[in-house]
Amino acid sequence: ALIAISVGFPVDSLTEEEIEANVVSRIGGQEQANYIVVRNHILARWRSNVSVWLTREHALESIRAEHKNLVNAAYNFLLEHGYINFGLAPAVKEAKLKSFDGVERANVVIVGAGLSGLVAARQLVSMGFKVVILEGRTRPGGRVKTRKMKGDGVVAAADLGGSVLTGINGNPLGVLARQMGLPLHKVRDICPLYLPDGKAVDADVDSRIEVSFNKLLDRVCKLRHSMIEEVKSVDVPLGTALEAFRSVYKVAEDSQESMLLNWHLANLEYANASLMANLSMAYWDQDDPYEMGGDHCFIPGGNERFVRALAEDLPIFYGRTVQSIRYGIDGVRVYAGGQEFCGDMALCTVPLGVLKKGSIEFVPELPQRKKDAIQRLGFGLLNKVAMLFPYNFWGGEIDTFGHLTDDPSMRGEFFLFYSYSSVSGGPLLVALVAGDAAIKFELMSPVESVKRVLNILRGIFHPKGIVVPDPVQAVCTRWGKDRFTYGSYSHVAIGSSGDDYDILAESVGDGRVFFAGEATNKQYPATMHGAFLSGMREAANMLRVARRRSLVLSDKVNNDLEKCDTLDKLFENPDLTFGNFSALFDPHSNDVGSHALIRVKFHGDKLNSSHLCLYGLITKKQASQLSEMNGDGNRMNSLHRDFGVKLVGGKGLSNVAELLISRIKAAKPT
């Protein structure tokens, strides 16, 4: 049960997806209770050894035979929704190279080779779909980017995008790490803070302001509950509400306390990739109840290790920037780099920033409801300066340290440093730039940025007698100017809510175009695992639609076959026959102007069957005229030229022809 809770299942009820999948015959009651126990057992069994492929037979081994149907329901659900048998273990990868049920399904065009696109592609292939991935960049990973840095005999792997696994309990990326044999490095909680003059912040003052900051957030939380209950749809900036309470309760009034409070605000802006002025007071933390538990961790060598393994053997076309996605009842057409890619369905995984920019044309346009959600949700900015030094001068006993500033407008500039020495392979420091400073940072030259970081570091370490050398290499990110993202990750902006994530996740075109990515995941937005899980979710949704479409198609094929049988039987006794032509007349009229159904039978060596039949609607008089002509060639010419009739297959007949067939059938039993 604890494992099930850690991956997002409720304690004693079904998820919406389980209800939709009809895992039990009736909601509530003993059957549901038994199902939950069975489901949790199967989930726990695979999670205990994620290197193996858990078969249905293995799942049945330790569960009583009377629950076989529940085992089948739970196993199918967990398999199809990516809760078991996923990832990169050799046994799992091998099993996923073919369709798990032997059925070949539709063609899917995936836009974007980020985590969600790669995960969805692997899952879809294992479900029998044929996939192709279009990626505008020359690499996979999207906002997960690891840069190899080197010089002067040192080397390190720097994560310039997604870096920290935020909570390891139930995290699918933790499963991948186990399968790949990668050790996880826990980000240690110790984070010393330094004043602008380089002196360490007094621990008691630091602790007191942190408590005060959390109390301010609690007061805002209580305020919004009462506001939402009394007045619906009221929202104000989180920053405005916090400042009002700070002023009323006289929090952080001296300069050091004020700088400390601003540091905590910068940290909040980092967590949300947003200015405090843009965050929704009502819903900024709507995802907190779903937060993954456990330690925050680094992956040695960078998260690109996941990306490379996930991208392996997938058909990815790089340098294909998608301009247009066109969809309709006959499928999808995706246009990229002067090429057209056709499929039955498309999965769009581009970042919210790209959707906001309107870089991709959708034809027909996206529904207004989705366009409104795209505009309401926030998509902000976080930047980094990664610096590789000739040696580690800051010590190995901490993973983070912070820096305060006396300029509130620049509180997010290099406010937090991450040490990657223990996991990157070399002496690497990464400085974060959040809030308003992240926007201004992109207007600054990289040389100036690195110079400012070094001044801060020297201000902290020189008074201790520690020399800060120049870096052997430095990299500054520019995620806001990146045309494949236009920002870093999503947040709930003023006037938005968690519901907008769900609206972004909705498919359009009656199951033709689907959407994945962190900004489509209400429970885990702005995270790598959120992107991963959204890819799994959409693969399951596409399977459900493909099955529904297959059933409809099967019914249609059966109806078409039935119609062909009916026509064949009716034409066994035609009213008129001449050459390869036959005619059936309206049994309720002797008028020469009444309708007649003609059939023309074609024979040929290249036909799959012995003959092909086409049909047309003419008058009784025209049928008589055709019968008096010499040769079928003349009859065909007259049919098209003189009567303007186009022959069609049995399923292409008009409603008038269908009505005539019904009348003939009723009058002339088959």
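The largest cavity has a volume of about 90 Å³, so let's open the tour there, taking a cavity as a set of 1 Å grid points over the protein atoms alone where a 1.4 Å probe fits but cannot get out, and a volume as the space filled by probe spheres set on points joined across faces, edges and corners. Before you click: this is a predicted model, in which local features need pLDDT of at least 70 and side-chain atom pairs count only at pLDDT 80 or more, while totals for chains, interfaces and linings use all residues. Residues are numbered from 1 along each chain as its sequence is written, and side-chain values use heavy atoms, with hydrogens and water left out.

**Stop 1: the cavity**

Select F86, G87, K96, V119, R122, Q123, L176, L310, F532 and M536, which line the largest cavity (lining residues have an atom within 4 Å of a point). Two elements, α7 and α19 (528-570), each give two or more residues to this lining. Helix α7 has the largest share, with three residues. By type, the lining splits into six nonpolar, two polar and two charged residues; Ala, Val, Leu, Ile, Met, Phe, Trp, Tyr, Cys and Pro count as nonpolar, Asp, Glu, Lys and Arg as charged, and the others, Gly among them, as polar. In total, the structure holds five cavities of 30 Å³ or more.

**Stop 2**

S116 sits in helix α7 (residues 115-126), where helices are DSSP runs of H or I with at least four residues, and strands are runs of E with at least two. S116 is buried at 4% relative accessible area (buried means under 20%, with a 1.4 Å probe and protein chains only). Leaving out residues up to four places away in sequence, show its contacts: T349, A516, G517, A531, S534 and G535 (heavy atoms within 4.5 Å).

V322 belongs to strand β10 (residues 322-328) and is buried too, at 8% relative accessibility.

**Stop 3: helix α20**

Finish at α20 (residues 620-627), whose buried residues are Q622, A623 and L626. These lie on the same side of α20 because they cover an arc of only 105° around the axis, taken from the directions from the helix axis to the C-beta atoms. Among the elements covering them, display β23 (576-578), β24 (581-585), β26 (611-619) and α21 (632-641).

Note on methods
Buried < 20%, exposed > 50% of the residue type's maximum accessible area, 1.4 Å probe, protein only. 1 Å grid on protein atoms, 1.4 Å probe; cavity = no way out; pocket = protein on both sides within 12 Å on 5 of 7 lines; lining within 4 Å.
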